[in-house]
Structures are given as C-alpha cells and as structure tokens.
Amino acid sequence: MTGHITALPVGVRLAVSPLSWANDVLEDLGADISLETCLRDAAESGYEGIELGRKFPREAGALRSLLDSHRLALASGWHSGELAERSVEDEMKAVAGHAALLRAMDCKMMVYGEVAMMTPGSPLDAPMSQRLRMPAAEVAGYAGRLTDFAGRLAAEYGLTLAYHHHLMMVAETFDEISAIFDKTGSAAGLLLDTGHAIAGGFDYTRLIDRFGDRVVHIHLKDIRGPVIDEVRAGDMSFNAGVRRGMFTVPGDGIIDFKPLARFVRDSGYRGWLVVEAEQDPAVAEPRPAVERAFKHVQANFRS
C-alpha cells in the first residue's frame, strides 16, 4: 500500500508509534509481535515515519539499515528526563547516548517526558489520585532548568526539546502545563498530545489557543470516553487504564481532530504528526487499527 496520496500540507509528515504493536512499559503487551511485523505494517499502511520503541536497535547503523529497508524515517524518540530533581549537567550526561542516536538518524525533535517527582515505587501502577504535584515554589526553577537543557540540547545535538505533558507526571492538567510553559524560554518546545489532554481533564484546543506557537511535535491519540470515565471513577492506575483500552487510535474514540487539522493548516506547523495508541494488540489488532487511523487523519485534512 505504498504511494499513498496525502492530504497533509507540504512539510507535514505522518508517522506512527510502535505502541500499537508493543507496549514500552507493559512488556507482555505485544511480546509475541516482531519488530519486522511492526515496520512492515507501518510502511504498507502509508506512514512515512515511526518513533522509537523498546524492540528497536540502538546502534545508528543497524537502525538506519532497518528503517531504510522499509522506507521509513525515524520521527523521534522518548527520553525519560529527571530535571524535576536533578541538574542540567546531570541530565546532559544522561541523555548523551539517546541524543547522539537521534542526531545520527537525522531527527529534529526529542520527546522529553518528566519521570522524576512521581509516586514512589511503581508510579504507573498507583491509583491516579496518588499522583504527586510539583510545589508552586519549585515551578520557576524547574522551568529554568528545562530552558537551559533545551538550549544545550539544540546547541550540542541540533535537537528541539518537545515536552510531553502526560498523565501521572508533573504536567498533567492544563494549569500545570501552563504554569511551566509560562516560565520557560522559547528553546523549550511543547509536544501536543490530544489523548493525554482529554484524559487530563481539558480540551486539547486550549493548548493550541494558549501555546500554539510553542507546539513542535504532535501525538494523535484518541480516547474511549466510557473507559476513561470508568478509570477515573474507580481511581484506577494508568497501567490499568491502558489494559482496559482507555487509549485508541484516531477515529475510534470521542476526540474531534478537525480543530487539530485546522491548526496545522493555518499555523504553518511543519513537522511530524504521530498516530499513537497504547492498547493491547491482542484486543485491538494493530494493522487494521493503524490503517483506519491513517484514513481518518487524511479525511480530517480533506474536510
């Protein structure tokens, strides 16, 4: 199914996350699905790129050869950052290998997820009500470290930091994201994740309205409304929500992606849109799901 005609603006490319085939945290989900199957499905479904996943080689030569064989580009990759609790210097040391790989793969963005200041133990298995909040007095210092780190990441590796707001992390709600980004410098970019916004209690268009000029990377994730309601009402954990199917691909849930398409068209956004769904591939068969999502995204840009 190669050679798809795209409705996306020039300079905007559509990628897919490997999470539809294999979960990075819950390793039993997709354990039996090969990386070759994932890459073949992605390419034949029409996607131009893919993000890193746990089954990918981390040596640039091997990774490039593998992706080239499927005519896929590497869109980006997640870095588990800890600037909420450690210095910029320590973060630069921690990110070095990952950032060097992304640079070697011609990536322009690095996804940054804050994993410090989380619920002790296994935070993604804790009830969502137990999420830790960053004290207001610490936000300015954190924003300063993010800005410094983003500047150094750009200078040393040519990578833009794409900050991922995320359930159970220090930037989950609209107010928390705003408090941080009101204090960061322009070097720190924002990753807009439609699913984490809705699951975090706010419409993703609020981030577009407030920080549209800071959006540098976009994850297209849908939400199954009844499931997220059940997860919140039962104070379940993030991982329990994933297993129940609170996340899905665009077109299978309650999110309207037309405002996102308008933003991309009207703002001059250039970069990747990444279809992403953390769900059980034994329940939601990956290839049909990502094929439906590809068509749904394209349809939103044609309307």
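A residue is called buried when its relative accessible area is under 20%, and exposed when that value is over 50%. Keep in mind throughout that what you have open is a predicted model.

Begin by selecting His219, which lies in strand β8, residues 215–220. Is His219 buried or exposed? Its relative accessible area is 1%, and His219 is therefore buried. If you now display its surroundings, leaving aside residues up to four places away in sequence, you will find that His219 touches Glu51, His164, Leu191, Leu192, Asp193, Thr194, Val274 and Glu276.

Next, select helix α3, residues 88–104, together with helix α4, residues 136–157, whose axes come within 10 Å and cross at roughly 40 degrees. The two helices are therefore oblique to each other, and α3 passes α4 in a right-handed crossing. To see where they meet, show the side chains of α3 residues including Met92, Val95, Ala99 and Arg103, and those of α4 residues including Arg145, Phe149, Arg152 and Tyr157. The residues of this contact divide into 9 nonpolar, no polar and 7 charged.

The last stops concern the backbone. Most residues other than glycine have a negative phi. Select Asp106, in the loop between α3 and β5, and note that Asp106 has a positive phi of about 65 degrees although it is not a glycine. Then move to Met168, in the loop between β6 and α5, where phi is again positive, near 75 degrees. With a relative accessibility of 1%, Met168 counts as buried.

Technical notes:
Residues are numbered from 1 along each chain as its sequence is written. This is a predicted model: local features need pLDDT of at least 70, side-chain atom pairs count only at pLDDT 80 or more; totals for chains, interfaces and linings use all residues. Side-chain values use heavy atoms; hydrogens and water are left out. Axes are lines fitted to C-alpha atoms, for helices over the stretch in contact, and angles run from 0 to 180 degrees between N-to-C directions. Helices (H or I, at least four residues) and strands (E, at least two) are DSSP runs, numbered from the N terminus. Angles under 35 degrees count as roughly parallel, over 145 as roughly antiparallel, 65 to 115 as roughly perpendicular and the rest as oblique. A crossing is left-handed if the near helix is turned anticlockwise from the far one by less than a right angle, and right-handed if clockwise. Contact means heavy atoms within 4.5 Å. Ala, Val, Leu, Ile, Met, Phe, Trp, Tyr, Cys and Pro count as nonpolar, Asp, Glu, Lys and Arg as charged, and the others, Gly among them, as polar. Buried means under 20% relative accessible area, exposed over 50%, partly exposed in between (1.4 Å probe, protein chains only).
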